[in-house]
Amino acid sequence: MTNKLNTQAEEALEAAAHMDPELIEELHEEVAGSAADPEAIEREQAQVAASEAAEAAKHEGQTPIIFLDDIKVTFKTRTGSIIHPNLVHAVRGLTLKLWPGETIGIVGESGCGKSTTANVMCGLQKPTSGRVFFKGKDVTNRTAADRRTIGRVISVVFQDPATALNARMTVHDQLMDPMIVHKVGTPQEREERVHDLIGMVGLPESALDALPSQLSGGQRQRVAIARALSLKPDAIIADEPTSALDVSVRAQILNLLMDLKKELNLAMVFISHDIQTVRYISDRIIVMNGGLAVEEGSATDIFNDPKDDYTKLLLGAAPSLLHPDLGE
Ligand SMILES: Nc1ncnc2c1ncn2[C@@H]1O[C@H](COP(=O)(O)OP(=O)(O)OP(=O)(O)O)[C@@H](O)[C@H]1O
Ligand SMILES: [Mg+2]
């Protein structure tokens, strides 16, 4: 899968190099059209500079766990010809830093590039351009050793716990698996860790003998979270971790994530299309629209004083994005 994605990104780059001038002009117009107002650009630049200065002061002496520097990801779709491929600009130039212990919320409607960003952060997707730093080290063209290190320090919790877990493995073996793969601890230490983990996510020891199919959706997501924690990561990337769950258990899983991040001083990237959920859990929020971060700020500022029209729209549409005004 990763190879396939990488090949796609490389093909897109190659296509860009041989693109015909008309298509390039079209793309330029598209970009220029989206940023026509010079005053708005100036305002935005001032806002970015101010928030960067505040951020740097707050985290003096620390190194970000992840630093995405002007990331762009372009996919070539199957439609279009080889000479004129149709390109999807999933991420159009995103810069962000994830600091130790901090929770960033990424919010935006379907297709705005949230999952693509998450995949770049955890090393599943190579950016078409831009650089990725991991604890200060440039891992844009990562080696196998880089990938292993990233895998130990960053874990991912996906939307659907059913696909994240192996249907034929008991909960015990699923929790053990990452430690065996990464050769962590002695057999006895691993066994102890498995028992700690199941307690940390609020499940009884008896759950260790169960297969995923014998658990409820909420319990499965708890197991997926326990598995994500097994290597004691510095950061967790949670991509819509509650969206596939029954409404009644969403709050429980959110509370669990909140408790764990405090208890373990975890950094977290929490991705959701629902701005209310993101507000609940995040220190800092990034609002994405069409592959760009249109607004960034503390959760309180974004809610009390949203600057961008799209953010206002999202807030107006809350609690549900199924709002008639959001239609295109
Ligand atoms: N492998 C791929 N090949 C081609 N296009 C892709 C690929 N992955 C994503 N895209 C496109 O990139 C854009 C961003 O997708 P992404 O999955 O990042 O959105 P998202 O914000 O996570 O959406 P959702 O809320 O629905 O999960 C979409 O237009 C999508 O169709
Ligand atoms: Mg997604």
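This is a predicted model: local features need pLDDT of at least 70, side-chain atom pairs count only at pLDDT 80 or more; totals for chains, interfaces and linings use all residues.
In what order do the strands of the open sheet of six strands run? The order is 6-7-8-3-9-10, and the pairing is mixed.

From one strand to the next, the twist averages 15°. Strands of a sheet pair through backbone hydrogen bonds, and they do this either parallel or antiparallel.

Take the parallel sense to begin with. Strand 7 and strand 8 (residues 267–272) run parallel and are joined by five bridges. You can find one pair by eye: alanine 235 has alanine 267 in strand 8 as its bridge partner. Strand 3 (residues 103–107) also pairs in the parallel sense, with strand 9, over four bridges. There, isoleucine 104 stands opposite arginine 284 of strand 9.

Now cross to the other partner of strand 9. Strand 9 and strand 10 (residues 292–298) pair in the antiparallel sense, over six bridges. Isoleucine 285 stands opposite glycine 297 in strand 10. These two strands form a hairpin with two residues between them. In that hairpin, glycine 290 takes a positive phi near 55°.

How many residues of strand 9 (residues 284–289) are buried? Six of its six residues are, so the strand is mostly covered. Both faces are covered. Arg284, Ile286 and Met288 are buried on one side. Ile285, Val287 and Asn289 are buried on the other.

Helix 9 (residues 217–229) has 13 residues. From its first C-alpha to its last, helix 9 reaches 18 Å, close to the 18 Å expected at 1.5 Å a residue. Ten of its 13 residues are buried, so helix 9 is largely enclosed by the rest of the structure. The buried residues include Arg220, Val223, Ile225 and Leu229. What covers them? The cover includes strand 6 (154–157), strand 7 (235–239), helix 6 (161–164), helix 7 (171–181), helix 8 (187–200) and helix 10 (247–264).

Helix 7 has buried residues too: Val171, Gln174, Leu175, Met176 and Met179. They pack against helix 8 and helix 9. An α-helix has 3.6 residues a turn, so residues three or four places apart point the same way. Keep that in mind as you trace the buried positions of helix 7.

Helix 3 has 21 residues and reaches 30 Å from first C-alpha to last, close to the 30 Å expected at 1.5 Å a residue. Is helix 3 enclosed, or does it lie in the open? Of its 21 residues, the number buried is zero, so helix 3 lies largely in the open.

Helix 5 (residues 144–153) holds threonine 149. Threonine 149 counts as partly exposed because it has 16 C-beta neighbours inside 10 Å. Its C-alpha is separated by 9.4 Å from that of phenylalanine 134, 15 residues apart along the chain.

Some backbone angles deserve a look. Most residues other than glycine have a negative phi. Aspartate 70 has a positive phi, near 50°. Aspartate 70 has its place in strand 1. It counts as partly exposed because it has 13 C-beta neighbours inside 10 Å. Lysine 232 also has a positive phi near 50°. Lysine 232 sits in the loop between helix 9 and strand 7. With 13 other C-beta atoms within 10 Å, lysine 232 is partly exposed. Lysine 183 follows helix 7, and its phi is positive, near 50°.

Finally, turn to ligand 1. How many residues surround ligand 1? There are 15, and the closest are Phe75, Ala90, Ser110, Ser115 and Thr116. Helix 1 (2–17), strand 1 (66–80), strand 2 (85–98) and helix 4 (114–121) each supply at least two residues of the shell. The largest share, three residues, comes from helix 4. By type, the shell divides into five nonpolar, nine polar and one charged.

Technical notes
Residues are numbered from 1 along each chain as its sequence is written. Chains are lettered from A and ligands numbered from 1 in the order in which they are written. A residue is near a molecule or strand if its C-beta atom, placed from the backbone, lies within 6 Å of it. Ala, Val, Leu, Ile, Met, Phe, Trp, Tyr, Cys and Pro count as nonpolar, Asp, Glu, Lys and Arg as charged, and the others, Gly among them, as polar. The expected span of a helix is 1.5 Å times one less than its number of residues. A residue is buried if 20 or more other C-beta atoms lie within 10 Å of its own, exposed if 12 or fewer, and partly exposed in between; C-beta atoms are placed from the backbone. Two residues are in contact if their C-beta atoms, placed from the backbone, lie within 7 Å. Two strands pair if DSSP finds at least two bridges between them. Axes are lines fitted to C-alpha atoms, for helices over the stretch in contact, and angles run from 0 to 180 degrees between N-to-C directions.
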